[in-house]
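Keep the sequence and the 3D view open while reading.

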Amino acid sequence: MPRRAVPLRAVRALFLERQHLARPRAAALTARRLGRFVEDVGGLQLDSINVLDRAHYLTVWSRFGPYDRARLDRLVYRRRLLFEYWAHAACLVPTSMLPWWRRAMLDYRVRHTGWSDWLRRNAKVLSRVTAAVRANGPMGNADFDGRRPPGGGGWWSWRPVQHALHYLWMTGTLAVDSRRHFQKRFDLLERALPAALGVEAASAEEFQRWHLERSLHAMGAATGADLSRYLSFPRFRPGARRATLRAMHEQGAVTEIEVEGTPGRWLALTRDLAALSRAGRAPVPSLGTTLLSPFDSLLWHRERVARLFGFDYRIEVYTPGPKRVHGYYTLPILHHGQLIGRLDAKAHRAERRLEVRHVHFEPWFAAAETPPRGWDRVDQDEALAGLGEAIGSLAAFLDAGEVEISRVTPRRLRAPLARSMR
């Protein structure tokens, strides 16, 4: 039976819709909208880099515009709308999905990860840490005695207590209760997440099916490689993903499709075929302009971004300075569903100043040519006005009273961009 042919533009439009980027910054943040957003994308990635703001704060700003960070923290760490766990990387995930992530926690107890195997053989460390948290309430690394092993650095130099806290978190004995200066503070799972009491974990089969269904929902349609790199934790056993997808296909829950202009097999949830058809008829994939955190879920699989948008994106924070092409912490610029460039910026908090070090537009946009993956040409003046407004919104969110633009590539677009911000 021939596969259904789906335009690439339909896949991209539905992807943007599921990522809540169909109308970026058009609606204010509410608890309901936050919950729906994270349920749809599967997780809100956390990262410690703070050159502008923490990754999860920026990702929420990209969708909702300026908001009160303290309110977001209350929704997470007091109302427990979300909780911290490992989904793509360290993420905030919906508490409504606890039965499935509970299965991942239980399974992690039998996973071999080197250091966790050592802890299982040294149960006294686990017992000591668990007992201390039970007696004292929320605790972080600094609350325990001990020092790092001499020499070296990085993951393998973590002291045993740090290994224990991480292992107890991943296995569901502890949960992240709160953060202080972005440092995790752990408490017993049932105290930090009362919703965990009485929750029955999904079966291994249910979890694998749910895990793939969540990824397919978040992306609209995906290749096998997309599925392995979206919600990338936990790692499935060899063949388990293929077997689960085969069963879902045989049961009619998943449909194989052919995406025009791209090789290979694509998959979509059968229930999403109508949404793909509707998305393909949209005159534009989205309306509005925003900036994306390097850790945004839209960017989790860089090769997918290149296939859908013709946009080659790499985060360069780990690249030596002289070898960087675009900058240390570059935010892709999304305008009307097109990735038209990237912006390297830094927040000078003491001076209340946002420094835009470099705006680098894509060559096709600078030349006013047709985008590389369909749709009509982008109105350059409209896009520059949208970017100027987005930079102003970001500055307001960062409480920056001054914005300084240093460099624009190509240079001839610097003046019109500057005018758009007056």
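## Sheets, helix contacts and backbone details

Phe83 has Val93 in β4 as its bridge partner. This is a predicted model, in which local features need pLDDT of at least 70 and side-chain atom pairs count only at pLDDT 80 or more, while totals for chains, interfaces and linings use all residues. Residues are numbered from 1 along each chain as its sequence is written, and side-chain values use heavy atoms, with hydrogens and water left out.

Some terms come up throughout. Helices (H or I, at least four residues) and strands (E, at least two) are DSSP runs, numbered from the N terminus. Two strands pair if DSSP finds at least two bridges between them.

**The β2-β4-β3 sheet**

β3 and strand β4 (residues 90-94) run antiparallel and are joined by five bridges. They belong to an open sheet of three strands, ordered β2-β4-β3, with antiparallel pairing. Its edge strands are β2 (44-45) and β3 (82-86), and each pairs on one side only. Helix α2 packs on this sheet and touches β2, β3 and β4. The direction of α2 makes about 120° with that of β4. Contact here means heavy atoms within 4.5 Å. Axes are lines fitted to C-alpha atoms, for helices over the stretch in contact, and angles run from 0 to 180 degrees between N-to-C directions.

**The β1-β7-β8 sheet**

Another open sheet has three strands in the order β1-β7-β8, with mixed pairing. The edge strands are β1 (4-6) and β8 (266-269), each pairing on one side only. Neighbouring strands of this sheet are turned by 50° against each other on average, direction ignored.

How do β1 and β7 run, parallel or antiparallel? They run parallel, and three bridges join them. Strand β7 (residues 254-259) and β8 run antiparallel, with four bridges between them. Val254 stands opposite Leu269 in β8. Helix α10 (residues 204-219) packs on the sheet, touching β7 and β8, and its direction makes about 95° with that of β8.

The hairpin of β7 and β8 has six residues between the strands. There, Gly261 takes a positive phi near 85°.

**Helix α3 and its partners**

Helix α3 (residues 55-64) has contacts with α16 and with α4. The table gives the axis values.

| Helix pair | Axes come within | Crossing angle |
|---|---|---|
| α3 and α16 (residues 380-397) | 11 Å | roughly 135° |
| α3 and α4 (residues 69-77) | 11 Å | roughly 105° |

Angles under 35 degrees count as roughly parallel, over 145 as roughly antiparallel, 65 to 115 as roughly perpendicular and the rest as oblique. α3 and α16 are therefore oblique to each other. α3 and α4 are therefore roughly perpendicular to each other.

Which residues of α3 meet α16? Tyr57, Leu58 and Trp61 do, against Ala390, Ser393, Leu394 and Phe397 in α16. By class, this contact has six nonpolar, one polar and no charged residues. Ala, Val, Leu, Ile, Met, Phe, Trp, Tyr, Cys and Pro count as nonpolar, Asp, Glu, Lys and Arg as charged, and the others, Gly among them, as polar.

The contact of α3 with α4 is made by His56, Tyr57 and Val60 of α3 and Arg69, Leu72 and Asp73 of α4. Its residues divide into three nonpolar, one polar and two charged.

**Aromatic pairs**

Rings of Phe, Tyr and Trp (its six-membered ring) pair if their centres lie within 6.5 Å; planes under 30 degrees apart count as stacked, over 60 as edge-to-face and the rest as tilted. By this rule there are 14 aromatic pairs. In one of them, the rings of Phe37 and Phe64 have centres 6.2 Å apart and planes at 80°, so the pair is edge-to-face. Phe37 is in helix α2 (residues 31-41) and Phe64 in helix α3, 27 residues apart, so the pair links distant parts of the chain.

**Backbone details in loops**

A cis peptide bond joins Phe233 and Pro234, with omega about -5°. Pro234 sits in the loop between α11 (224-229) and α12 (240-250). Thr409 and Pro410 are also joined by a cis peptide bond, with omega about 0°. Pro410 is in the loop between β14 (408-409) and α17 (414-420). Arg25, a residue other than glycine, has a positive phi near 60°. Arg25 lies in the loop between α1 (8-18) and α2.
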